[in-house]
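The sequence and structure are shown first.

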Amino acid sequence: MHKSLLIDPAKCTSCLQCELACSFENEGVFNPAKSRIKIFEFEHGRKAIPYTCTQCEEAWCLHACPVEAITINEETGAKEVNESICVGCKVCTIACPFGTVNYNSDSGKVIKCDLCGGEPQCAEACPTGAIVYVDSDWTGYLRMRDSAVEQHS
Amino acid sequence: MQHVIVGAGPAGVIAAETLRKKSRNDSIIIVAKEPYPAYSRMAIPYLLAGDVEENGTYLRIDANHFDKLEIEIRLNTVNRINTREKTVTLEKGPDLHYDRLLLATGSSAIRPPISGMDSPRVHNCWTLDDAHRMLSEIRARDRVVLLGAGFIGCIVLQALVSMKLDLTVVELADHMLARMMDHEGGKMIKQWCENKGVTVRTGTEVIAVTEKSNQLEIELADGSTITADHIVCAAGVRPNIHMLEGSAIDVDAGILVNNQLQTNVPDIFAAGDVAQGPDRSTGDQQVHAIQPTASEHGRVAAFHMSGDASPYGGSLSMNVLNTLGLITSSFGLWDGVDGGDRTAVCDTAGNRYLRLEFQDDLLVGALAIGLTQHVGVLRGLIQTKVRLGNWKKLLLDDPSLIMNAYLDRVQGTRA
Ligand SMILES: Cc1cc2nc3c(=O)[nH]c(=O)nc-3n(C[C@H](O)[C@H](O)[C@H](O)COP(=O)(O)OP(=O)(O)OC[C@H]3O[C@@H](n4cnc5c(N)ncnc54)[C@H](O)[C@@H]3O)c2cc1C
């Protein structure tokens, strides 16, 4: 059973710990601009949504890649970019309808969430439990519950 | 069941792999005419630039990939399709039977009918053969004229600059990237290229080429002449459909296919650059000639070839391009629709531009320059046809809120 990132925007305080942890883990710097998870603020910062790749079933990025630089990590289910193969063509960045593959002009390659090989640092760093790493059927359950709540409220 | 696929580009390869997933026992044969492992044309610029070796252009890295999947690749050329006998005629060897046939033959580069364009100093940039010839004949600091500044031309431009050439671009249209960028954006890109030392001549064309003492005299319609060592021609393509002659398969700008990627002849399908298939924005049939459509076509065609009738709403026309570091993208009906609404923000000094096109409260098209983060949501919003509601007004005032609009409306993560 794969695990997924479960995000609960209601718990997010926009503290940016996830972005810092992500950029440090993956790029070796504490720089939110290089993070693969991104917090979007609404209502002048009163509300916030952490947003990253859901490792979707369709894998639009993977299918659009011309050189097989994006593959599935069988252990985690993550769609991972192999930097040494990526040519930087960016087709995956427009193919992903969720907008979660980004071009990094410093490296000339694309970057996306790879679940840190199974220990996602954003979830570890999140102090409020807005981002947790749980069994995938859990996220499905909670999503269902949430949408049911929304529909009936 | 025997599936025959003609062409080993992305459309043909992805179709074969998808067919294998659907069926363990069907026989799958790809017939391909270029003497290389299956490769991606769009990786060629990176080979020219020296970023990758030749194997970096291959669609699949593992040399045994196709053997493992029991997909047979035959080096041969299909010259004719015999729809009544259900066979294809090959250049070498006996006819090959098919139960289902997929035409994924792509397109070929053309040379405009200008005298002198047959000189050996004129190059196409379309196949690995072309790339080999360019790499062996064009030297650093050579004077090179690039003919055509459309999508492919601008991609090739990037590679030519990496090859350290003395480069002049000649484009017939009045701005660069005429089919994926408006006037405003085209001007910005041209200025950017000129600032990087590339001469760009738009709104004029080459009318004659003569080879004299190992160089080319290139005459332009405006009366001027350019002297150069080579021409690289990126002035259009045509679909590879000569094998359809006498076959009754309907063709327009490409092979006409319905929303199951079927031609008018039973059991014959077409995919990729050669196919004129459903466009998601207009519902018309269009040749997109882009990688994302080729890969999508490959998958969809394979579903239908294996008898799986999953619905397909057409492909979205879209491009992304890096012109000497300036990143441009276009999506859907970026030039707008009658009665629609438009908004744009342009920061000329910062080389940033974003234009959005709406119909009612739906996003139907977009152009972006300098946008590299979360650009895919433009596709998401257009493709899912999600009603923007109040966000439309907010976006008309400030298009840069696009990601917030997306999160709120598409992800339903209501803040
Ligand atoms: C330099 C360059 C850069 C590009 N950059 C981009 C980009 O950045 N983004 C983008 O979206 N697109 C880009 N493209 C376009 C992209 O490469 C094509 O859309 C894509 O290759 C189409 O795939 P396909 O499988 O339909 O056709 P192709 O890749 O053209 O494959 C066709 C196959 O059919 C074979 N074939 C043809 N006729 C026969 C026959 N009679 N018998 C047997 N085999 C035959 C060919 O040998 C080939 O294997 C670029 C193209 C080029 C040339």
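How much area is buried between chain A and chain B, and what share of that area do carbon and sulfur atoms give? About 3200 Å² is buried between the two chains, and carbon and sulfur atoms give 63% of that area. Buried area here is the accessible area (1.4 Å probe) that two parts lose on being put together, summed over both.

The model is predicted: local features need pLDDT of at least 70 and side-chain atom pairs count only at pLDDT 80 or more, while totals for chains, interfaces and linings use all residues. Residues are numbered from 1 along each chain as its sequence is written, chains are lettered from A and ligands numbered from 1 in the order in which they are written, and side-chain values use heavy atoms, with hydrogens and water left out.

**Between the chains**

Chain A brings 33 residues to the contact and chain B brings 43 residues, where contact means heavy atoms within 4.5 Å. Over all chains the structure holds 23 salt bridges.

| Salt bridge | N to O distance |
|---|---|
| A:Lys34 and A:Asp106 | 2.8 Å |
| B:Arg379 and B:Glu296 | 2.9 Å |
| B:Arg100 and B:Asp267 | 2.9 Å |
| B:Glu357 and B:Arg342 | 2.5 Å |

B:Glu357 lies in strand β25 (residues 352-359) of chain B and B:Arg342 in strand β24 (residues 341-347) of chain B, so this pair ties together parts that are 15 residues apart in sequence. Strands (E, at least two residues) and helices (H or I, at least four residues) are DSSP runs, numbered from the N terminus.

**Domains of chain A**

Chain A is split into domain 1 (1-52 + 118-153) and domain 2 (55-112), with bounds that come from an automatic or database domain assignment. Nine residues of domain 1 of chain A touch 10 residues of domain 2 of chain A. Together these two domains of chain A bury about 740 Å², 49% of it on carbon and sulfur atoms. On the domain 1 side of chain A, A:His2, A:Arg36 and A:Tyr51 supply 56% of the buried area, more than any other three residues. One salt bridge is found across this interface of domain 1 and domain 2 of chain A.

**Domains of chain B**

Chain B is assigned domain 1 (2-108 + 237-305), domain 2 (122-233) and domain 3 (325-409). The centres of domain 1 and domain 3 of chain B, taken over C-alpha atoms, are 33 Å apart. Their contact takes four residues from domain 1 of chain B and five residues from domain 3 of chain B. About 390 Å² is buried between domain 1 and domain 3 of chain B, with 45% of it on carbon and sulfur atoms. B:Arg280, B:Ser281 and B:Glu296 lose the most area on the domain 1 side, together 88% of what that side buries. One salt bridge is counted between domain 1 and domain 3 of chain B.

**A helix pair in chain B**

The axes of helix α1 (residues 10-22) and helix α7 (residues 291-305) of chain B come within 7 Å and cross at roughly 35 degrees. Axes are lines fitted to C-alpha atoms, for helices over the stretch in contact, and angles run from 0 to 180 degrees between N-to-C directions. Residues in the contact include B:Ile14 and B:Leu19 of α1(B) and B:Ala302 and B:Phe303 of α7(B).

Terms used:
Salt bridge = Lys/Arg side-chain N within 4 Å of Asp/Glu carboxyl O.
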